[in-house]
Structure formats: C-alpha cells, structure tokens
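Trainee: I would like to learn how to read a few features of a model like this one. Can we go through them one at a time?

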2 protein chains.
Amino acid sequence: MRYPKLFEHITALAPLPASEWLKAETLAREQALDKRALFLRPGDAADRFGLVLQGVFRAVRVSARGEESIKAFRAEGEFIGAYAEMLQGQPSMTAIEALEPGRVLAFQANDLQSLETGHPCWAQLARRVAERHYLLKERREQEFLDLSAEERLERFWQEHPHLHGRVPQRDVAAYLGITEVALSRIVSRRRKRAE
Amino acid sequence: MRYPKLFEHITALAPLPASEWLKAETLAREQALDKRALFLRPGDAADRFGLVLQGVFRAVRVSARGEESIKAFRAEGEFIGAYAEMLQGQPSMTAIEALEPGRVLAFQANDLQSLETGHPCWAQLARRVAERHYLLKERREQEFLDLSAEERLERFWQEHPHLHGRVPQRDVAAYLGITEVALSRIVSRRRKRAE
DNA sequence: AGGCCGCCTTAACCTGGGTTAAGCCCAGGT
DNA sequence: ACCTGGGCTTAACCCAGGTTAAGGCGGCCT
C-alpha cells in the first residue's frame, strides 16, 4: 500500500477492504503542482478528481462578469475536483488551484466505474461522499442566511484552524462573499476591540 | 400501485422496479396536514420524512436569536424532512410546515433499512437523492456568493415558477436572506422600472 | 355592518459593505 | 542596495439593506 494515510482518511468515511484500495491505487497517478498551478481549469472536462497528498488548494468560480468567488479550500486528505459538474456531465466551470506547492493523487472518474461494478463498497463510498458534500454546503447556506460577514469570519477560523497562515486574506474574503477591503476593515475593527 | 405519480417522480431520479416500490408503499402512511400544521417540529427525532402528495411546505430554521430563515420550499413530488440532521443522527433543528392544506406520504427512515438490504436499487436511489440535494445547495451557495438580493429574487422566480401565488412574500424574503421590508422595496423598484 | 387580523407597503434614519484610489510593507530579483 | 510587485491597509464616498414605526388593504368573524 503506497498511501496508507489516505486509506485511513477514506475508511473514516465508509469502510473499504484494503484489497479494493490497492486496486484503486493502481488506477491513480501522482501529480505534483507548483504554487499557482491549476489542477483543473474552467472549460476542462470534469472527469477527473484528486486526493490531496500535500498542499492547500482553492476551488474558484469565475463568474460571467469576471469576479471570482471561492467555493472551498481543500487540504491534505480531502477531495479536489468539479464535483457538481461531474455529477451533471458538464465541463468544469471551476478552477482548482494550488496555493502552495502540492502533490495530488489523481483519478479518472471513468476508471472507478469498473471498481464500482466489482464491489458494492464503492457505491457506498460514493454515497457517503455525496452526503458529506451536502452537509458542508448546508452548513454554508445556513451561515449566509443567519450570520453577518464578521460572524462568518469568526466561524471560518473556528472550522478551518489548519488553514491559518496558508491562505491569503483576499481569498478568505472571496470565500466569505465580501471584498478584501471589507475583510481588512473587519479584522482591524476586531483588533481594536480586543485591546 | 396506489401512487403511480410519485413512482414516476422517483424513477426519474433512479430506476426502481415496480415491485420494490410496492413494498415501499406498504411501509408508508398517508398523512393530511392543515394549513400551518407541522410535519416535523424542532427537537423531534429526525427519523421520518415524507413525499409531498399535495400542497407546498417550507423548511424553517429558527436560529438561537429567534429569527427564522427558510432553507427550502417543497411542493408535489418532492421530499420533506430534516435531511442533514437525519444523516447525522441528530434531533431536528428544522420545522417543516404546510403553507396550504396538504397531504404527505410519510416514511420511517428505519423501515427503509430492510428494503435497502433487500435490493441494491435503494442504495442507488439514496445516492442520487444525496447528489441532488448537494446540487441544490451548491446552486444556492453560488447565488449568495455572486448575486445581489435583487438578482437572487429574479432567479428564484425563474427556478420556482410553480410557487407563484402559493408562498407569502415574507417567506420568499426569508428564503433570500433579507427582510420582508427590503423585499417589498425591491419589488416596487422593479415595478417602477417596468413602466 | 363593524372590527380585527394577517400581510404588505412606505418612510425615515442608520449601518455594513462596495468602490475607488492612495499608500505601506516586505520578499525577491538584479 | 535598489527597484519592483504582490498583498494588505486606510480613507472617503455611495448605496443596499436593516430597523422601527406608521399606515393601508382585504378577508374573515360575529
């Protein structure tokens, strides 16, 4: 087994025989990415995804008017890919970009088809992955409905302490749905209040 | 088969043998709800869900400070239930309320366990349901990130034309994440511009 | 009919975040 | 050591939306 740590991450989601994981490893390909390099670019077919071995990535949606907003940050052990577009068989409208030099274990979505027909554990995993993605988005929805930008910021750091120092402030702003100017204001407001 | 129309709705999500659907029907119980009646109330165990036969429902989250925000509207053929809490085995933090007199086909989540072990189509359906819920929330996230309240309103009516005249304006506001006062302003602004 | 209630509107005022633009700080490159 | 550029901060001004409060308009009940 070449990636025991990832195997642990995965089995925490759904039980998976080691033998099946070994099969998956043979389908995967390790990929190194420089800082700022794109794992996926908008327009690409959304037929591949990766598991982060090393580094932090951001999923960016570039809107029609050219503004970018950030859908998620992903670090070690997490999935990267244009999940929504993959489910719908559409080309990616999302860029996945490395914020630091990183390494990814990359899969071709089609290759997993064969695993899935071979053993039911993969369907189970796919379900868990969908459910987990849902829960994350649900939480985010609630934050937008009930919280101010300042409260969202506070909660962001509570929930993503491991990102501290690894993501630029402007990206945090784009994740919260505000501008970097507004975020800077909020931060200095909090600094003053803390004295 | 007592509910052929629901069967169609469901098979559009994932193929399902009619024989399996018949088994499910025996587990279900029809329930009538008056206007304003709650299918689920906060604090209830989130172990039941329903399929809407008739009526429009709203899923309401009541925050700690007593403000209510609306997570979704659900009409004929759609699922109602505290899906997130069910996945996590938590009590419901959501109320599901009838906006009109309605009828629901209600299931006990545990009862489906037996169906699931009997035929793989149910696991497949569960996966599709999770994926669909995810896609809905993803779309909503994007709207909060990229659109103004006015644009969100416009898109709301594009995507939910069947709700026209069936949901009070204050609830639309709570769905969009603004107050009813702000929504009223937006509507009258648009009215003026349209002349 | 009269009165009440639920829902929507309007207005006045306040605040948080957007926009634009200038400046600062620091790391990297030459 | 100097420049450069990227990322952050600050300030001034504007506008969307929140808050509070006062009606308005049906529909429904007795």
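Mentor: Start with what pairing means: two strands pair if DSSP finds at least two bridges between them. Keep in mind that this is a predicted model.

Trainee: In what order do the four strands of the open sheet in chain A come?

Mentor: The order is S2-S7-S4-S5, with antiparallel pairing. At the edges are S2(A), residues 38-40, and S5(A), residues 68-74, each of which pairs on one side only. Ignoring direction, neighbouring strands of this sheet are turned by 30° against each other on average.

Trainee: How many bridges join S2(A) to S7(A)?

Mentor: Two bridges, in the antiparallel sense, with S7(A) covering residues 94-98. Leu40(A) stands opposite Ile96(A) of S7(A).

Trainee: Which helix lies across S4(A) and S5(A)?

Mentor: Helix H7(A), residues 169-176, lies across both, and it runs at about 105° to S5(A). The strand S4(A) spans 57-62.

Trainee: Now helix packing. At what angle do H7(B) and H8(B) pack?

Mentor: In chain B, H7 (residues 169-176) and H8 (residues 180-194) pack at about 105°, and their axes are 8 Å apart. H7(B) is therefore roughly perpendicular to H8(B). From H7(B), the contact uses Gln169(B), Arg170(B), Val172(B), Ala173(B) and Leu176(B). From H8(B) come Glu180(B), Leu183(B), Ser184(B) and Val187(B). By class, this contact has five nonpolar, two polar and two charged residues.

Trainee: Which residues are closest to DNA strand C?

Mentor: Of the 16 residues that surround DNA strand C, the closest are Ala149(A), Thr179(A), Ala182(A), Arg185(A) and Gln169(B). Sugar and phosphate make up 53% of the atoms of DNA strand C that come within 4 Å of the protein.

Trainee: Which element supplies the largest share of the surface near DNA strand C?

Mentor: H8(A) does, with five residues. H8(A), residues 180-194, and the chain B helices H7 and H8 each supply at least two residues of that surface. By class, the surface near DNA strand C has seven nonpolar, five polar and four charged residues.

Trainee: And which part of DNA strand C does the side chain of Arg185(A) approach?

Mentor: A base nitrogen, which is 2.8 Å from an N or O atom in the side chain of Arg185(A).

Note on methods: Residues numbered from 1 in each chain as written. Chains lettered and ligands numbered in written order. Predicted model: local features only at pLDDT ≥ 70, side-chain atom pairs only at ≥ 80, totals over all residues. Heavy atoms only, no water. Axes fitted to C-alpha atoms, helices over the stretch in contact; angles between N-to-C directions. Parallel < 35°, antiparallel > 145°, perpendicular 65-115°, else oblique. Contact = heavy atoms within 4.5 Å. Nonpolar A, V, L, I, M, F, W, Y, C, P; charged D, E, K, R; others polar. Near = heavy atom within 4 Å. Polar contact = N/O pair within 3.5 Å; in protein donor to acceptor, adjacent residues only side chain to side chain.
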